[in-house]
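Here are a few exercises to work through with the model open on your screen. Try each task yourself, then go through the solution step by step.

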Amino acid sequence: ASQEPIAVSETDVAVFRLQQTDRKLQADGIRLAQKIDWLKSRAKQSLAEKRRDEALGLLRRSKQLDRMSSQCRAHSNTIQLQLDQFDGVATNKMIYDTYSASSAALKKELNES
């Protein structure tokens, strides 16, 4: 029982890659958010222990990671928009094909009468 290969278009491959990239960006965003929370709690602990310079360094690092997290969210949003556009194109093509088929059937019917 051998299976025949399934034809995959370039669009399908592009959508798949975008989905993979989006999942990776979301996972990275979650990981960064956890790291930011950890750094902020460490900074509070350092302040409580009167280690101001260490706390300042931790807060700077958390700010840097926050910017990276924002970039991940922005990239993810862009990918989501692209995926939505792919869906819109597919829907528009189905609508066009339906109208074309109905128009052809109507013309055929009018020519026969």
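Contact here means heavy atoms within 4.5 Å. You're looking at a predicted model, where local features need pLDDT of at least 70, side-chain atom pairs count only at pLDDT 80 or more, and totals for chains, interfaces and linings use all residues. Residues are numbered from 1 along each chain as its sequence is written, and side-chain values use heavy atoms, with hydrogens and water left out.

**Exercise 1. Work out the overall build of the protein.**

Step 1: start with the secondary structure. Helices (H or I, at least four residues) and strands (E, at least two) are DSSP runs, numbered from the N terminus. On that basis the protein has two helices and zero strands.

Step 2: check the dimensions. Along the principal axes, the C-alpha atoms fill a box of roughly 95 × 40 × 15 Å. The radius of gyration is 26 Å, whereas a compact globule of 113 residues would have one near 13 Å. That radius is taken over C-alpha atoms, and the globule rule is 2.2 Å times the number of residues to the power 0.38.

Step 3: see how much is tucked away. Buried means under 20% relative accessible area, exposed over 50%, and partly exposed in between (1.4 Å probe, protein chains only). Of the 113 residues, 18% count as buried.

Step 4: Residues 24 or more positions apart account for 69% of them.

**Exercise 2. Is serine 46 buried or exposed, and which residues is it in contact with, leaving aside neighbours within four places in sequence?**

Step 1: Serine 46 is in helix 1.

Step 2: read off the accessibility. With a relative accessible area of 0%, serine 46 is buried.

Step 3: list the partners. Once neighbours within four places are set aside, serine 46 touches Arg51, Glu54, Ala55 and Leu58.

**Exercise 3. Track down the salt bridges.**

Step 1: A salt bridge is a side-chain nitrogen of Lys or Arg within 4 Å of a carboxyl oxygen of Asp or Glu. The count comes to six.

Step 2: take one within helix 1. Lysine 24 and aspartate 28 pair up at 3.1 Å, N to O; they sit four residues apart in helix 1, about one turn. Lysine 24 is exposed at 54%, while aspartate 28 is buried at 17%.

Step 3: do likewise in helix 2. Lysine 93 and aspartate 97 meet at 3.0 Å, N to O, and they are four residues apart, or about one helical turn. Aspartate 97 is partly exposed, at 36%.

Step 4: now go between helices. Glutamate 54 and arginine 42 form a salt bridge at 3.1 Å, N to O. Glutamate 54 is in helix 2 and arginine 42 in helix 1, so the pair ties together parts that are twelve residues apart in sequence. Glutamate 54 is partly exposed at 30%, and arginine 42 is partly exposed at 24%.

Step 5: zoom out. Arg42, Glu49, Arg51 and Glu54 are linked in a salt-bridge network.

**Exercise 4. Where is lysine 50 found, and what is its phi?**

Step 1: locate it. Lysine 50 is in the loop between helix 1 and helix 2.

Step 2: check the backbone. Lysine 50 has a positive phi of about 65°, although it is not a glycine.

Step 3: Lysine 50 is exposed, with a relative accessible area of 76%.
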